Each structure stands twice: as structure tokens, then as C-alpha cells.
Amino acid sequence: MEVNQTDNSFVDFYVIQKELILPSKTHFRLYMSEIYDCLLTDEKDNDEISFYEFRHYIKLSLPISKRIFRVFKNDFSENSIESLTLSRDRFIENFIKIYYGTYEEIVEFVFKLFDFKNKNAISRNNVKYLLLYLPLLKKDENNQKEYIESIDSILNLLFKDKNSSINFKEFMNFIDSQNSEIFLSFIGYIYKFKPLSCNSLNF
């Protein structure tokens with residue numbers, strides 16, 4: 001995977017967070033409110049943004065964008081994502097959590113991305129499904145094979161078998177004591193696409 005790690009496969013998260021060089025939380029809140037205004041289209045029945053508008057902003061892979069949207073919305077129902085909208089408060093507060101939150105808050109956010117049914121349990125299949133949508137797979141077939149093998153080796157440590165699941169506490173313990181690569185790969189991917197300016201939002 002993309003993040004270089006020490007021999008025990010752990011990197012200090014706060015070192016990565018400090019490298020973002022973000023403004024004060026107050027200024028960031030105002031900035032994200034302005035971004036939200038830019039995302040709102042004129043022809044709407046309410047003042048909330050759609051998934052299409054949300055994804056136009058974050059510009060991540062579709063499956064990962066859908067999971068982030070549902071976590072932001074706190075909606076894990078069977079409802080079509082196209083039918084859901086996201087309020088200004090949830091948009092702003094969740095981005096603040098991602099960029100200014102504590103280590104545990106951000107690990108919990110990543111865990112929720114994997115927790116498709118919102119039951120405090122993640123499965124090997126769901127974790128692997130999202131990992132394969134990180135933009136790390138190279139065009140070279142050998143590199144792709146090595147990447148998939150590296151995912152499987154970590155998942156073999158994280159899950160006892162293919163059908164097992166783990167809760168948040170177990171996920172947190174794994175990241176703290178064994179391997180932080182899954183967590184860092186996801187949060188690094190999100191941090192790489194930091195909030196854009198209104199001028200770059202062209203519909």
C-alpha cells in the first residue's frame with residue numbers, strides 16, 4: 001500500500017494530521033459553509049445537497065463516496081442513495097471531525113465506512129471490497145497481484161477466518177498494536193483530496 005510504515009506497521013497519526021496545515025476550526029467551519037453554498041443548485045425543493053453534488057465535491061471513487069455520504073448522513077437503510085440529501089450541519093460537522101478530530105474519532109469514522117449494516121461489526125468481505133477501490137492498483141499485472149496479496153495478508157491478521165467479523169474495539173486494538181495500514185490508507189486517501197475552492201467546482 002501507499003503509506004510507508006515502520007517495522008511494526010504503525011505510523012503516528014498525529015504526524016500525518018499536522019502535515020495538513022489547516023486553518024483554525026472557526027475559519028474552516030466558515031469555509032465549509034461557503035463550499036456547501038457553492039454545491040447547492042438552484043432547482044431544488046429543499047436546501048440540502050444530493051449525493052451527486054456531494055461526490056462532485058469530494059471526487060473520490062464511487063463506492064467509497066457512497067459510504068462516506070451514508071456515514072455523514074447516518075443513514076444505513078435500504079433507501080437508494082439517489083433519494084437521500086445531506087444537511088449543511090452534517091456536511092460541516094463531519095468534515096470537521098475528519099480533519100480536526102481525535103485519533104479515536106477518526107478511527108471510528110473509518111470503521112463506520114466498513115460497517116455496512118451499522119451493527120458495530122465489520123466483515124472481511126466489506127473491508128476488502130472498499131480497499132480494492134483505493135487508487136493504488138497499478139496497470140502492471142504483477143503490481144496488482146502484489147497489492148491484492150498485501151491486502152489479504154493484513155486481512156488474515158485482522159480476521160480469524162473468511163466468515164468472521166470484528167467490532168470497533170477489536171478494530172481499534174488491531175490498529176494500535178498490530179497494523180495501522182488499513183486505517184492510514186483510507187484516511188490518507190481522503191486527506192489527499194482536501195477541500196476544494198468554490199472556483200474549482202464546475203458543474
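**View 1. A nonpolar surface patch made of Tyr129, Leu132, Tyr133 and Ile148.** In this predicted model, these four side chains form a patch on the surface, and their accessible area together is about 320 Å². Tyr129 sits in helix α7, which spans residues 124-131. With a relative accessibility of 37%, Tyr129 counts as partly exposed, because that class lies between under 20% for buried and over 50% for exposed.

**View 2. The edge-to-face pair of Tyr57 and Phe95.** The structure holds 22 aromatic pairs. In the pair of Tyr57 and Phe95, the ring centres are 5.6 Å apart and the planes make an angle of 85 degrees, which counts as edge-to-face because the angle is over 60 degrees. Tyr57 belongs to helix α3 (residues 51-58) and Phe95 to helix α5 (residues 88-100), so the contact ties together parts that are 38 residues apart in sequence. Tyr57 has a relative accessibility of 2% and therefore counts as buried. Phe95, at 4% relative accessibility, counts as buried.

**View 3. The edge-to-face pair of Phe116 and Tyr129.** The centre-to-centre distance for Phe116 and Tyr129 is 6.3 Å, with 75 degrees between the planes. Phe116 lies in the loop between α6 (103-114) and β3 (122-123), while Tyr129 is in helix α7, so this pair ties together parts that are 13 residues apart in sequence. Phe116 has 26% relative accessibility and counts as partly exposed; Tyr129, at 37%, counts as partly exposed. Tyr129 is also one of the residues in the nonpolar surface patch of View 1.

**View 4. Arg67 over the ring of Phe116.** Arg67 lies over the face of the Phe116 ring, at 4.4 Å from the ring centre. The ring of Phe116 also takes part in the edge-to-face pair with Tyr129.

**View 5. Buried and exposed residues of helix α9.** Helix α9 covers residues 168-177, and its residues Phe168, Phe171, Met172, Phe174 and Ile175 are buried. Seen down the axis of α9, the buried residues fall within an arc of 160 degrees, so they line one face of the helix. An α-helix has 3.6 residues a turn, so residues three or four places apart point the same way. Lys169 and Ser177 are exposed, on the other side of α9.

Note on methods: Residues numbered from 1 in each chain as written. Predicted model: local features only at pLDDT ≥ 70, side-chain atom pairs only at ≥ 80, totals over all residues. Heavy atoms only, no water. Patch = residues over 30% accessible without salt bridge, like charges linked within 9 Å, V, L, I, M, F, W, Y side chains within 5 Å. Areas by Shrake-Rupley, 256 points an atom, 1.4 Å probe, with all protein chains shown as cover. Helix = DSSP H or I, 4+ residues; strand = E, 2+ residues; numbered from the N terminus. Buried < 20%, exposed > 50% of the residue type's maximum accessible area, 1.4 Å probe, protein only. Phe/Tyr/Trp six-rings, centres within 6.5 Å; stacked < 30°, edge-to-face > 60°. Lys NZ or Arg CZ within 6 Å of the ring centre and 35° of its normal. Arc of directions from axis to C-beta.
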